[in-house]
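Open the model in your viewer and keep the sequence at hand. We will go stop by stop.

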Amino acid sequence: MDGIIIIDKNTGLFSRRIGTRVARMFGEKKFGHIGTLDEMATGVLPIAIGNATKMIPFIEENTPNKKEYLFGLRFGIETDSLDILGNEINKSDIIPNEDEIRTACEQIAKSDFQIPPIYSAIHVNGKRAYDLARHGEKIEMKPRPIKIYELEYTGKSGDEYNFRVVCSRGTYVRSIVRDIAKLCGTIATTTYIRRTYTNGFDIKNAHTLDFLENLVNNNGRIDEYLMQLDCALGDIPVINLDDKDAKLYKNGGFIKTGGNDGFYRVYSNKTFIGIGRISSGTLKPKRTL
């Protein structure tokens, strides 16, 4: 089976572990996740199965560079990982008011750079930052370019303060929490992160692992929840080939087509057969199915 399924990830699991379980349900060994989520995070995690893994680079490059998260924080406590799964390293009695919180959000939304958490998968001197941090090594994380399109405070529930952010790839919610607290003159840690949108995939189309595994255990049609390989390539233009050219294309041949330079979704008789690139009027295969 080839296609993409959107998982509503539950907390406490790593993205790769979820991919392994999903692939097993479909009887496939080859899989890949589009983006990743922290262990504590929940929400949208698209999993590509089989030949759909070939489409991951094109999905990541050609879908809107926007992700949406809901998240919460608790003021007055700081952990080494900037979330509630980490070890407590500091405390404070300073709790900001809501006007201070909103002002901090406005300031952060104007920034084009962010310092990632030391507990992240970013490579530092050839190693993952989180591996270095776990071994007690001091790490200097450099600012990285990001974009925050929207950041709003949505209200308080008990001692938990809730937010919504729309941001670019590479933005860390845990760093946003840290920076909100810093601008308010205090400290905070992240209590939850829920991704509701990524790479054109929406939470409304997501399914939990429990639902899918229950379906499989009861001989249900899990393939009905598998999206087509080209489901997130809508911004890439289409080119249709006849049977002769399609055969040549799938064998790695170049085809004179004319047209503007760039990537194209390639079809034959309404069947998606890969991604090609036109250069100087010639279509060249990039990924074939």
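A residue is buried under 20% relative accessible area, exposed over 50%, and partly exposed in between. Keep that scale in mind, and remember that this model is predicted.

Start with C231. Its relative accessibility is 33%, so C231 counts as partly exposed.

Next, select C184. Is C184 buried or exposed? C184 has a relative accessible area of 10%, so it is buried.

Stay with the cysteines. A disulfide is a covalent bond between the sulfur atoms of two cysteines. How many disulfides are there, taking sulfur pairs within 2.5 Å? The count comes to zero. C184 is in no disulfide. Its nearest cysteine sulfur belongs to C105 and lies 7.8 Å away.

Now select helix α1, residues 15-25. Which of its residues are buried? They are S15, I18, G19, R21, V22, A23 and M25. An α-helix has 3.6 residues a turn, so residues three or four places apart point the same way.

Show what covers the buried residues of α1. The cover includes the strands β1 (3-9), β2 (31-33) and β3 (42-49). Helix α6 (209-217) is also part of the cover.

Step past the end of the helix. G27 follows α1, and its phi is positive, near 70 degrees.

Last stop: Y119. Find it in the loop between β7 (113-114) and β8 (123-124). Y119 counts as buried because its relative accessibility is 19%, and the cut-off for buried is under 20%. Y119 and E60 are 59 residues apart in sequence. In space, they are 23 Å apart, C-alpha to C-alpha.

Notes. Residues numbered from 1 in each chain as written. Predicted model: local features only at pLDDT ≥ 70, side-chain atom pairs only at ≥ 80, totals over all residues. Heavy atoms only, no water. Buried < 20%, exposed > 50% of the residue type's maximum accessible area, 1.4 Å probe, protein only. Helix = DSSP H or I, 4+ residues; strand = E, 2+ residues; numbered from the N terminus. Contact = heavy atoms within 4.5 Å. Disulfide = S-S within 2.5 Å.
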